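Please look over the model below.

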Amino acid sequence: MFATLSDRLTSTFKNLRTKGRLSEADIDATVREIRRALLDADVAVPVVREFTGTVRERALSAEVSGALNPAQQVVKIVNEELVSILGGESRPLTFAKTAPTVIMLAGLQGAGKTTLAGKLALSLKEQGHTPLLVAADLQRPNAVTQLKVVGERAGAPVYAPHPGVAGEDEVPTGDPVAVARAGVETARSRQHDVVIIDTAGRLGVDAELMQQAADIRDATSPDEILFVIDAMIGQDAVATAQAFADGVAFTGVVLSKLDGDARGGAALSVARVTGRPILFASTGEKLTDFEPFHPDRMASRILD
Ligand code: GDP
């Protein structure tokens with residue numbers, strides 16, 4: 001991820017290194033190259049505009065400091081602004097004061113929600129929590145089975161509809177809102193301290209899906225609503241993120257498929273456009289390919 005962007009920015013800065021002092025024309029030329037590199041990486045146009053505007057302004061007014069040459073100064077400014085558009089500080093998961101903590105996952109189909117449910121469960125288990133996964137994606141025939149597979153791999157139980165099975169484990173079928181509500185109740189009665197609710201995604205944003213997600217939210221009062229977005233989604237990232245921000249008011253973002261070699265514009269756009277922090281990065285199909293997101297480390301990786 002970001003290999004091309006990284007190369008482009010590095011060569012832009014290399015051209016600056018020979019300059020003793022930067023004229024306004026030098027700064028404008030540099031900012032133009034940065035703008036092109038970001039647009040080619042699929043970063044959303046308004047984010048690019050704001051980013052380059054701020055970098056230009058700061059570069060023009062930067063004091064010539066003894067410690068840094070002009071090129072280093074520009075790199076420092078770009079680094080700081082990258083950290084800023086990526087959300088600034090990293091932010092950990094919010095836990096409920098009274099268990100169970102409810103985490104709801106939302107996003108388009110194929111974004112990586114079910115995989116994330118397993119990754120989160122594994123990582124929470126390693127921290128001593130006792131997560132319960134709840135299969136409220138009843139749209140896709142395979143979704144419940146898939147959640148059971150990741151649950152088993154993570155060593156976390158899955159609360160899922162059992163059509164036709166009577167008894168203690170009988171769960172409402174067909175209605176994802178009822179399943180989600182019953183899942184949280186089950187977590188409470190069986191003393192799981194975290195509940196992770198997997199919800200349905202469609203290929204595109206649609207009103208019915210959004211309403212279902214909002215109904216699940218209203219029925220379960222989540223402590224976190226994590227919007228999972230495929231970092232390879234390109235220029236659609238902003239519209240999709242905005243639709244989910246409006247539809248379910250998510251509290252945080254998870255970037256998935258950051259291991260891809262795509263341009264990664266989504267990563268650089270969603271935090272800024274929605275004003276919600278990126279909490280985690282998913283970097284592969286294995287349950288351990290998962291890490292807390294640190295804006296400063298990501299910026300350093302881009303400028304490496
Ligand atoms: P959902 O429809 O949102 O639940 O998405 P899934 O969790 O089913 O993921 C869709 C596909 O993407 C699956 O084949 C996953 O193995 C794959 N996937 C999920 N997360 C990642 C990731 O971080 N990197 C890569 N390379 N693949 C991923």
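1. Which of the 17 residues around the ligand come nearest? They are G110, T114, T115, D259 and E285.

2. Basis of the notes. This is a predicted model, where local features need pLDDT of at least 70, side-chain atom pairs count only at pLDDT 80 or more, and totals for chains, interfaces and linings use all residues. Residues are numbered from 1 along each chain as its sequence is written, and side-chain values use heavy atoms, with hydrogens and water left out.

3. T115 places a polar side-chain atom 2.6 Å from a ligand oxygen. K113 has a backbone N or O atom 2.8 Å from an oxygen atom of the ligand. For A111, a polar backbone atom is 3.2 Å from a ligand oxygen. The ligand taken alone exposes 580 Å², and the protein buries 80% of that. Areas are Shrake-Rupley values with a 1.4 Å probe; for residues, only the protein chains shown count as cover.

4. Helix α5 (residues 113-126) gives the largest share of the shell, four residues. Helices (H or I, at least four residues) and strands (E, at least two) are DSSP runs, numbered from the N terminus.

5. T12. Is this residue buried or exposed? T12 is buried, at 4% relative accessible area. Buried means under 20%, exposed over 50%, and partly exposed in between (1.4 Å probe, protein chains only). T12 is found in helix α1 (residues 3-16). Its side chain makes a polar contact with the side chain of E33, at 3.1 Å. Neighbours within four places in sequence aside, T12 is in contact with T30 and E33. Contact means heavy atoms within 4.5 Å.

6. The whole chain. The protein chain holds 11 helices and eight strands. Its C-alpha trace spans about 80 × 35 × 30 Å along the principal axes. Of its 304 residues, 51% are buried. Among contacts in the protein chain with a separation of 6 or more, 75% join residues 24 or more positions apart. The protein chain exposes about 13,700 Å², with 48% of it supplied by carbon and sulfur atoms.

Technical notes:
A polar contact is a pair of N or O atoms within 3.5 Å; within protein, one must be able to donate a hydrogen and the other to accept it, and residues adjacent in sequence count only if both atoms are side-chain atoms. A residue is near a molecule or strand if one of its heavy atoms lies within 4 Å of it.
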